[in-house]
Amino acid sequence: MSTTAQHVATIADLDPASGELLAEIPCASTMEVHAAVARARAAQRSWAELGVEARAAALSRFGERLAADAPSLGETVTREMGKTLRSAVGEVKGYASGVSAEAQEVVEALAPITYGDGASGGGANNVTTVHEPLGVVAAITPWNFPVGMPLSIITPALVAGNAVVFKPSEHTPLTGARLAELLQAELPEGVLELVQGDGTTGAALVEAEVDMVGFVGSRATGQRIMNAAAGSLKRLVLELGGKDPLVVFEDADLGAAARCAVEHSLRNTGQVCCSIERVYVADAIAEEFEAEVVRLAGEWTHGDGREDGVKMGPLVSEGQRAKVVAQVRAAVEEGANLRVGGVQPDGPGWFYPATVLTGVEQGHRITHEETFGPVVAVTRFDGSEDEGVRFANDTVYGLGANVWTGDPARGVRVAARLRAGQVGVNRYLGGASGSPWVGARQSGFGHLGGPDGHRQFTVPKTISIGR
Ligand code: NAD
């Protein structure tokens with residue numbers, strides 16, 4: 001953030017592939033944040049009175065606008081945060097095609113509940129629980145999926161009848177602005193307000209008169225938000241960081257496990273909350289597995305995400321790259337072997353190559369801190385279920401976990417012992433339409449998706465009617 005001669009704070013939006021200044025965006029002041037919240041508050045009641053079906057229909061129409069905008073918005077995403085154009089356009093299209101179905105899931109989750117004789121004590125159907133909107137929801141989101149993460153909060157919040165004040169990441173303000181514009185085209189004025197800025201603006205929004213904070217971002221920021229929200233007991237949904245393990249047993253399909261480990265350590269230049277950040281391989285197959293990981297990672301080219309054939313773009317910022325460089329250096333100093341990459345390239349942009357570390361030991365710094373970079377970190381274990389599970393669970397995080405084994409019963413046993421919100425057995429993490437996205441332990445507070453996730457954007461009210 002910089003301050004201009006007029007003392008207006010701004011964010012500098014930089015292209016991570018070149019360092020070029022794309023835009024300088026004024027940050028909303030605390031007064032402007034309060035004004036945005038007041039406008040949202042004024043608009044919320046009539047939005048709620050429209051009814052859940054009409055609100056869902058508005059979101060579906062927005063989904064169509066978003067789909068039509070995918071080529072152009074995808075390019076903005078790549079310019080601002082560096083991911084390959086293919087995956088940026090894919091992100092926009094994927095979320096555009098899912099909005100309508102998710103809006104419908106919210107409608108179903110919020111259907112009134114009526115109770116029978118026993119519950120009311122006064123005859124059938126005279127007691128009903130409805131789900132009322134909370135009021136104004138702050139949506140504060142990161143840059144790594146700058147279309148998907150905002151929508152994961154904004155869609156359920158709006159369909160539930162809330163107004164939203166949206167603060168996109170300071171690394172993706174143009175993407176955030178376009179997303180807001182597309183939403184506003186289908187919403188009454190004030191129902192979706194945009195405020196731009198960095199953490200200072202985010203903190204001002206949390207302190208403002210909002211009823212709920214829906215946040216996706218790092219664990220450290222989640223902790224700050226929880227502290228700040230305590231004074232007025234604001235409702236919270238926090239989706240936070242991870243340190244996901246992948247455990248490979250001796251009887252696993254070694255090739256498939258290695259492909260999963262590499263793909264999901266390097267995808268989006270490793271900047272995915274549920275990246276594989278730790279790979280545990282049984283001693284008996286470690287040599288062969290590591291050789292395959294090294295071979296596969298060598299195929300991961302990096303470069304400007306707009307160029308054909310590039311598999312990874314740059315890291316989002318200089319600071320993010322410095323963090324990855326420091327973690328890899330610390331791992332090597334602690335005794336890990338650098339097998340591929342690990343050398344920061346010269347020249348403009350915040351590039352960093354696909355990197356493989358083997359000989360990482362439990363307790364090395366890199367096994368505990370979220371890396372958020374293109375690093376496959378491999379640790380050997382004795383091959384027992386006890387040690388595999390112990391190493392995998394040795395973290396404060398609990399977002400995802402993966403297990404590879406040729407024995408289905410072992411897969412189920414180990415999945416039950418892994419402390420994570422989602423577990424993939426002989427596959428990467430997956431879900432079904434309507435299943436929740438959960439950060440267990442310190443990877444989250446509350447969760448998104450599924451009927452219970454959607455209902456967090458409401459407060460239940462039970463109405464009993466006498467005869
Ligand atoms: P971040 O926590 O630095 O920032 C996230 C957002 O919070 C930004 O908009 C930022 O401006 C704002 N912010 C910063 N300080 C604030 C404060 N004190 N009060 C209010 N808002 C504040 O995270 P990031 O670097 O943008 O994103 C990367 C992190 O997000 C990683 O840890 C990643 O694992 C996590 N993430 C989690 C999920 C999930 O579903 N669990 C999904 C995507 C990303």
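Which side chains meet in a salt bridge of 2.8 Å, N to O? They are those of R306 and D15, and the legends below, all drawn from a predicted model, take us there and to several other spots.

**View 1. Domain 1 meets domain 2.** The domain assignment gives domain 1 as residues 10–240 + 440–466 and domain 2 as residues 244–431. The contact draws on 23 residues from domain 1 and 30 residues from domain 2. Between them, domain 1 and domain 2 bury about 2200 Å², with 59% of it on carbon and sulfur atoms.

**View 2. Polar and charged links across the domain interface.** Here you can look for one salt bridge between domain 1 and domain 2, along with twelve residue pairs in polar contact. On the side of domain 1 that touches domain 2, helix α3 (residues 70–81) gives the largest share, three residues. The residues on that side of domain 1 divide into nine nonpolar, nine polar and five charged.

**View 3. Helix α8 and its surroundings.** Helix α8 spans residues 199–207, and T201, G202, A204, L205 and V206 are buried in it. What do these buried residues pack against? Their partners are α1 (30–49), β6 (136–140), β7 (163–167), β9 (212–216) and α9 (219–230). At the N-terminal end of α8, look for the cap: a side-chain oxygen of D198 lies 3.0 Å from the backbone nitrogen of T200.

**View 4. T129 in strand β5.** Strand β5 (residues 127–133) is where you will find T129. Is T129 buried or exposed? With a relative accessibility of 5%, T129 counts as buried. The side chain of T129 joins that of T462 in a polar contact of 2.9 Å. Setting aside neighbours within four places in sequence, T129 is in contact with P112, I113, Y115, P460, K461 and T462.

**View 5. L21 in strand β3.** L21 sits in strand β3 (residues 21–26) and is partly exposed, with a relative accessible area of 44%. Not counting residues up to four places away in sequence, L21 touches A12, D13 and L14. For a sense of distance, L21 and K234 are 37 Å apart in space, C-alpha to C-alpha, and 213 residues apart in sequence.

View 6. The structure holds 24 salt bridges, and one of them joins the side chains of R380 and E290 at 2.8 Å, N to O. Because R380 lies in strand β15 (residues 375–381) and E290 in helix α11 (residues 283–297), this pair ties together parts that are 90 residues apart in sequence. R380 is partly exposed at 34% relative accessible area, whereas E290 is buried at 2%.

View 7. The side chains of R390 and E387 meet in a salt bridge of 3.4 Å, N to O. Why are R390 and E387 separated by about one helical turn? The reason is that they are three residues apart in helix α13 (residues 385–393). R390 is exposed, with a relative accessible area of 52%, while E387 is buried, with 17%. Salt bridges that share partners also join D251, E385, R410 and R413 into one network.

How values were computed: Residues numbered from 1 in each chain as written. Predicted model: local features only at pLDDT ≥ 70, side-chain atom pairs only at ≥ 80, totals over all residues. Heavy atoms only, no water. Buried < 20%, exposed > 50% of the residue type's maximum accessible area, 1.4 Å probe, protein only. Helix = DSSP H or I, 4+ residues; strand = E, 2+ residues; numbered from the N terminus. Contact = heavy atoms within 4.5 Å. Polar contact = N/O pair within 3.5 Å; in protein donor to acceptor, adjacent residues only side chain to side chain. Domains from an automatic or database assignment. Buried area = accessible area lost by both parts, 1.4 Å probe. Salt bridge = Lys/Arg side-chain N within 4 Å of Asp/Glu carboxyl O. Nonpolar A, V, L, I, M, F, W, Y, C, P; charged D, E, K, R; others polar.
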